[in-house]
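Q: Can you walk me through this one? Keep it brisk.

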Amino acid sequence: MDQFSSTTVLPEPFTGARDDITEQFMIIWGQIKAPLIVPLLNIAVFLCLTMSAMLFIERVYMAVVISLIKLFGRKPDKRYKWEPLKDDLELGNSSYPMVLVQIPMYNEKEVYQLSIGAACGLSWPSDRIIVQVLDDSTDPIIKNMVEIECQRWASKGINIKYEIRDNRNGYKAGALKQGLKHSYVKQCDFVAIFDADFQPEPDFLWKTIPFLVHNPELALVQARWKFVNADECLMTRMQEMSLDYHFTVEQEVGSSTYAFFGFNGTAGVWRIAAIDEAGGWKDRTTVEDMDLAVRASLKGWKFLYLGSLQVKNELPSTFKAYRYQQHRWSCGPANLFRKMVVEIIRNKKVTLWKKVHVIYSFFFIRKIVAHIVTFVFYCVVLPATVLVPEVYIPKWGAIYIPSIITILNAVGTPRSLHLLVFWILFENVMSLHRTKATFIGLLEAGRVNEWIVTEKLGDAFKLKSALKAFKKPRFKIGERVHFLEVATGAYLFFCGCYDVVFGKNHYYICLYVQAIAFFIMGFGYIGTFVPS
């Protein structure tokens, strides 16, 4: 084997040049490491530890509050007046409030029948409800299908309106705003909103409207989402774990303490007077629902979350659709924070503590810090300390705080606790995408107003997939490969290799596992594959 030395495999000039480059790099690295890299990394560690502590305090606070809510049974009907609406022999059905049901949709071929059917099946006096389908579809075939479906329900005696626009200005916000301008809406008191994949139970209005009727200070009653396809793949299980915490803890705590939380854009009932007083729907960000909620709250309106009332819907099961959704959900709140922070500070109708809650807890910690610290600290700074061992990170910041935060996040979905490790890896990878979107929103850069409707597969896919399973999915390289994720995976892999050779703490195990997660998602091998 001696004959196969490096000098025989590579020419001597090449080997010498390689050694020179390596030696020069090590000299330069040694010169800048102590005066530049170590101080910068120490600053980054300090900032990340500060953000981690802020996030930790927020999570512990919400854990304490939700525990007290469960312990003392602060149910909605104990905090607000609720009694069933009763018939009036003299007034008849006119004693019931007029309800508008809006269903905004855009090329929803797979799910439009589900939402329209569920809305038309809502139990309420037939002359006191109007179902309004706001169709922004650009596909003429789908638009025709939706119109025919509306006509079919109209023939059954349902008061259903099929509304279209000449353009898609403002996207969903524009459609909802235009829908409220129709003359027949003036007689309506409340509006229930459902996205195209949401299927409310028939008694939805009987459980929500009484809260609004008997409590004039309430502007919004929000129901919880129930995921019908949570078990479709590992990615949907991961989404369920993240969203269950949002509904089980964040929404419940906000409703019970400050009577404020972000409207989820669907599965809720608004008082139309509150929408008008807040200034109506605005399309200045991609989170028109949160925008309206914040403005209504600043006017003094209160919100109520009903965790016991669940509305079936579908999680995005393709990685492409999920990435688009997460970009909108991360970029929009950051951009809204930029636009509204001064307005919130100057507001005189709400208390100082509510302002602090909205600015610090709702926006800064949950919508900005949570994304940034997850990626920067756990995927960039911590691995970098392997290359620069002079920088020290205390165990409480590297192990204890992240562990407690993770456990507090995961308790919302007990059935998925055995998937906790996969969830951590998944969330760390997605934090890159969310962090990038957060900075885009804060800086109002390139894709700040990008609105791409989340693709839903519906029941039709379950039938088609069985027939097309033998076909190999075709992808464009730009759609399948996500270069930032792959590059981050390579960085983590390099840090792992460095730790194997020079390290003493066995960090390489975690680094390799996280690198593999970045590679798997970077090359698109996650979620449901839709055959071409």
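A: First a term: contact means heavy atoms within 4.5 Å. Of the contacts in the protein with a separation of 6 or more, 83% are between residues 24 or more positions apart.

Q: What kind of model is it?
A: This is a predicted model: local features need pLDDT of at least 70, side-chain atom pairs count only at pLDDT 80 or more, and totals for chains, interfaces and linings use all residues. Residues are numbered from 1 along each chain as its sequence is written, and side-chain values use heavy atoms, with hydrogens and water left out.

Q: How many helices and strands?
A: 18 helices and 7 strands. Those are DSSP runs, numbered from the N terminus: helices are H or I, at least four residues, and strands are E, at least two.

Q: What order do the strands take in the sheet?
A: The order is β3-β2-β1-β4-β6-β5-β7, in an open sheet with mixed pairing. Two strands pair if DSSP finds at least two bridges between them.

Q: Which strands stand at the edges?
A: β3 (160-164) and β7 (302-313). Each has a single partner strand, so one side of each is left without a neighbour in the sheet.

Q: And β1 with β4, how many bridges?
A: 4 bridges join β1 (residues 99-105) to β4 (residues 190-193), and the two run parallel. V99 stands opposite F190 in β4.

Q: New topic. How much of the protein is buried?
A: 52% of the 532 residues. Buried means under 20% relative accessible area (1.4 Å probe, protein chains only).

Q: What box do the C-alpha atoms fill?
A: Roughly 105 × 55 × 40 Å, along the principal axes.

Note on methods:
Buried < 20%, exposed > 50% of the residue type's maximum accessible area, 1.4 Å probe, protein only.
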